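This note sets out points on the model shown below. They may be read alongside the sequence and the coordinates.

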Amino acid sequence: MVSAGDFRKGVTVEIDGKVYVIVDFQHVKPGKGAAFVRAKIKNVVTGQVLEQTFNPSDKYENAHIERKEMQYSYNADGLYYFMDMETYDMLPLNYEIVADALRFVKEEMCVTVQSYKGAPFSVEPPNFVELEIAETEPGIQGDTSKAGNKPAKLETGYNIQVPLFINQGEKIRVDTRTGTYMERVK
């Protein structure tokens with residue numbers, strides 16, 4: 001059990017049957033009345049962020065989120081299969097769970113599958129991935145020296161803005177947390 005007075009960033013708690021992670025917190029001691037804790041909490045399943053106040057003595061169940069490194073294998077019949085690298089068991093997941101990660105993940109890439117009480121709810125790609133440019137307009141001669149961006153489609157189907165000098169078939173490094181171009185890979 002965790003009391004609201006002990007809330008810290010990154011702590012996961014169960015409130016009303018839902019799992020939340022503490023994004024931000026502040027202990028408030030007003031001149032009149034009792035002290036309280038104001039916290040921003042994020043639902044780990046839906047991603048919804050709420051701001052709530054808590055009595056510092058309120059106690060909540062500590063929620064343990066399991067993180068497992070798995071490899072994306074393939075998709076079939078609307079399910080996406082991930083292989084446990086230790087036991088070689090296959091874990092089928094629905095599109096809703098993997099949709100965000102699929103923008104940056106291709107087959108045989110390792111990802112982190114998050115679950116709570118054995119039920120997977122999220123797939124996280126690595127922070128940085130190297131992907132090939134599937135489609136983009138060619139850079140115009142002499143136009144590549146000035147700053148500017150153009151749209152490009154990655155091999156996963158995700159659309160991204162890249163500098164003018166990037167051409168089709170080249171590999172780039174992408175920051176999956178922000179979904180932005182970082183650098184060209186030789």
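1. Strand S3 (residues 18-28) and strand S4 (residues 36-43) are paired antiparallel through eight bridges. Within this pairing, Val28 faces Phe36 of S4. Strands here are DSSP runs of E with at least two residues, helices are runs of H or I with at least four residues, and both are numbered from the N terminus. Two strands count as paired if DSSP finds at least two bridges between them.

2. The model is a predicted one, in which local features need pLDDT of at least 70 and side-chain atom pairs count only at pLDDT 80 or more, while totals for chains, interfaces and linings use all residues. Residues are numbered from 1 along each chain as its sequence is written, and side-chain values use heavy atoms, with hydrogens and water left out.

3. S3 and S4 belong to an open sheet of six strands, ordered S1-S6-S2-S3-S4-S5 and paired antiparallel. S1 and S5 form the edges of this sheet, each pairing on one side only. S2 is joined to S3 by four bridges and to strand S6 (residues 59-62) by two bridges, antiparallel in each case. Val13 takes part in both pairings: its bridge partner in S3 is Tyr20, and its partner in S6 is Asn62.

4. Most residues other than glycine have a negative phi. Asp16 has a positive phi near 55° in the hairpin of S2 and S3, where two residues lie between the strands. Tyr88, which is not a glycine, has a positive phi of about 65° and sits in the loop between strand S8 (79-84) and strand S9 (90-94). Lys117, likewise not a glycine, has a positive phi of about 55° and sits in the loop between strand S10 (110-116) and strand S11 (119-124). Tyr88 is exposed at a relative accessible area of 56%, and Lys117 is exposed at 64%. The classes are buried for under 20% relative accessible area, exposed for over 50%, and partly exposed in between, with a 1.4 Å probe and protein chains only.

5. How many aromatic pairs does the structure hold? There are eight. Rings of Phe, Tyr and Trp (its six-membered ring) pair if their centres lie within 6.5 Å; planes under 30 degrees apart are stacked, those over 60 edge-to-face, and the rest tilted. One of the pairs is that of Phe7 and Phe54, edge-to-face at 5.3 Å centre to centre with 80° between the planes. This pair links distant parts of the chain, 47 residues apart: Phe7 is in the loop between strand S1 (2-3) and strand S2 (12-15), and Phe54 is in strand S5 (residues 49-54). Phe7 is buried at 0% relative accessible area, and Phe54 is buried at 5%.

6. The rings of Tyr72 and Tyr80 have centres 6.4 Å apart and planes at 35°, so this pair is tilted. Tyr72 and Tyr80 are both buried.

7. Nonpolar side chains tend to be buried together in soluble globular proteins. A nonpolar core is here a set of buried Ala, Val, Leu, Ile, Met, Phe, Trp, Tyr and Cys residues joined through side-chain atoms within 4.5 Å. The largest such core has 26 residues, and those with the most contacts inside it are Phe82, Val123, Leu154, Ile160, Val162 and Ile172. Strand S12 (128-136) is among the elements that give it two or more residues, and S12 supplies the largest share, three residues. Apart from this core lies another, of twelve residues, including Val2, Tyr20, Val37 and Phe54.

8. As for the whole protein, it has one helix and 16 strands. Its radius of gyration is 22 Å, well over the 16 Å that the globule rule gives for 186 residues, so the protein is more spread out than a compact globule. That radius is taken over C-alpha atoms, and the rule is 2.2 Å times the number of residues to the power 0.38. The C-alpha atoms fill a box of roughly 70 × 45 × 25 Å along the principal axes. Of the 186 residues, 37% are buried.
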